[in-house]
Amino acid sequence: MTMLRALSCAVLMWPLSLTASHADGPGPAADTAPSQRRIAFGDDAKHTMLVAWQTRKAVDAPVVEYGIGLKRTLTTPARRAGYAYETGAIWEAALTGLKPDTVYSYRVGDPVGGFSDVASFRTAPDGSEEFTFTAFGDQGSTPAAEMNMTNVLIDRPAFHLLPGDLSYANGVHTRWDDYLALNEPLTREVPFMAVPGNHENEKLPGGKRPIGYAAFLARYALPGAESYYAFDYGQARFVGVDTVHLEQKEQLAWLEATLAAARRDAKVKWLIVFQHYPLYGSTRGRGDNDELIKLQQPLFDRYKVDLVVCGHDHVYERQFPMRGGKAVSESLTDYTQGAGTLYVIAGGGGISLYDFVPKRPAICAVREKAYSRLRVRVPVEGPLVAEALRLDGSLIDKFEIKPAR
Ligand SMILES: [Fe+2]
């Protein structure tokens, strides 16, 4: 009897476990049902959205059906973006020629293999507009990671920045599936702008064989070089940097040219960098990154970068505005644009938390060992307002950068 019950349970559980994350439910189409949707802006956030997803088995005619409002009359075929250790078929498509400041609905799939449910996204505005973006790095697939993701979803930002260390797959590629499925409620509707951290630079289990960014690059569709890129939203330019390979001359030249171009462009009022490794920090066993300070601080000073959002240290930590390696203000909350760069570590995404060294460095304004997200309101006029929020919504830090004029 016990054996019989166990067998019938196994029979009942089998199709459910196969299809638990699939919109189409159990049945023969489950292996081809789309999952793990993620979207990101293309090089031009006003006109292009990149869409990626996965099916267990390949399909013949992968496609994105989309349109303004509910009229999904447009179609863009997807291409397969595989890598040697993939766990299914990864598809990506670039939706181009979109109208700015417009809500589109879309679904992904295949006429035979089945389609996802319908989701929506909004393109970037054509000109100035107040908006909010969020950020955290070092996320993983923990309960804290899921709650942080859900809090971002409630915030409904224009997009989310993920400054490195996403899945912590560490060469176990089904962990990428877990991570992408956990984040899908957010990433199917909110552009997810990730740059790689050291955990995207993977080795196969046992640490024997390096595979670099193979999984990250295949599983995400991102603008530019994908591991580093820039995009504009409203009157702000966002510059995503690959700090794992920052010493490479090509990227350094690109970074300087991108920052210089931003400061020549009258439309760019706010210049924001996001990257994995922080320049300054006070977690135990880490501290400041002298190599990065040497490479980046002169550039960030020269081009008066307003805000640098980092991860890597699993804490929230924020310095006073910095110029020439020194804090230039003693205020905890109010700053003037152009006086110094604000450096923030938003590494409390969810994977784990680190301890600080006991003594707070003089340049550090606020630090807390807490899971948290950064939420930044970028105005048309008036101050930029940044908040760091714990999982329960309470405030760790709030500061404002007032335009100089
Ligand atoms: Fe890291």
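**Close-ups of a predicted model**

View 1. Helix H5 (residues 249-264) has 16 residues, which at 1.5 Å a residue should span 22 Å, and its end C-alpha atoms sit 23 Å apart, in agreement. (The expected span of a helix is 1.5 Å times one less than its number of residues; helices are DSSP runs of H or I with at least four residues, strands are runs of E with at least two, and both are numbered from the N terminus.) Keep in mind that this is a predicted model: local features need pLDDT of at least 70, side-chain atom pairs count only at pLDDT 80 or more, and totals for chains, interfaces and linings use all residues. Residues are numbered from 1 along each chain as its sequence is written. Leu255, Thr258, Leu259 and Ala262 are the buried residues of H5. Looking down the axis of H5, these buried residues fall within an arc of 95°, so they line one face of the helix; the arc is that of the directions from the helix axis to the C-beta atoms. As for what counts as buried, that takes 20 or more other C-beta atoms within 10 Å of the residue's own, while exposed means 12 or fewer and partly exposed is in between, with C-beta atoms placed from the backbone. Turned away from the buried side of H5 are the exposed residues Lys249, Glu250, Ala253, Ala257 and Arg264. The buried residues of H5 pack against S15, strand S16 (236-241), strand S17 (270-275) and helix H6 (290-302).

**View 2. Phe274 in strand S17.** Zoom in on Phe274, which lies in strand S17. Phe274 has 26 C-beta neighbours inside 10 Å, so it counts as buried. Leaving out residues up to four places away in sequence, Phe274 touches Ala135, Leu161, Pro163, Val195, Phe238, Gly240 and Val309; a contact here means that the C-beta atoms of two residues, placed from the backbone, lie within 7 Å. Leu307 is 33 residues from Phe274 along the chain, and their C-alpha atoms are separated by 8.4 Å.

**View 3. Helix H2, side by side with helix H3.** The axes of helix H2 (residues 143-155) and helix H3 (residues 174-187) come within 9 Å and cross at roughly 10°. That makes H2 roughly parallel to H3. (Axes are lines fitted to C-alpha atoms, for helices over the stretch in contact, and angles run from 0 to 180 degrees between N-to-C directions; under 35 degrees counts as roughly parallel, over 145 as roughly antiparallel, 65 to 115 as roughly perpendicular and the rest as oblique.) On the H2 side, the contact is made by Ala145, Glu146, Met149, Val152 and Leu153, and on the H3 side by Leu182, Asn183, Pro185 and Leu186. By type, the residues of this contact split into 7 nonpolar, 1 polar and 1 charged. (Nonpolar covers Ala, Val, Leu, Ile, Met, Phe, Trp, Tyr, Cys and Pro; charged covers Asp, Glu, Lys and Arg; the others, Gly among them, are polar.)

View 4. H2 has 13 residues and runs 18 Å from its first C-alpha to its last, close to the 18 Å expected at 1.5 Å a residue. Ala145, Asn148, Met149, Asn151 and Val152 are buried in H2. Down the axis of H2, the buried residues fall within an arc of 160°, so they line one face of the helix. Pro143 and Ile154 are exposed on the other side of H2. The partners of the buried residues of H2 are strand S10 (131-135), strand S11 (159-163), H3 and strand S25 (372-378). Just after H2, Arg156 takes a positive phi of about 50°.

**View 5. Two buried loop residues with positive phi.** Asp165 is in the loop between S11 and H3, and its phi is near 65°, a positive value in a residue other than glycine. Asp165 is buried, with 23 other C-beta atoms within 10 Å. Glu226 is in the loop between helix H4 (214-219) and strand S15 (229-233), with phi near 70°, again positive in a residue other than glycine. Glu226 has 20 C-beta neighbours inside 10 Å, so it counts as buried.

**View 6. Glu129 in its loop.** Glu129 sits in the loop between strand S9 (119-122) and S10. With 16 other C-beta atoms within 10 Å, Glu129 is partly exposed. Glu129 touches Gly234 and Val380, not counting residues up to four places away in sequence.
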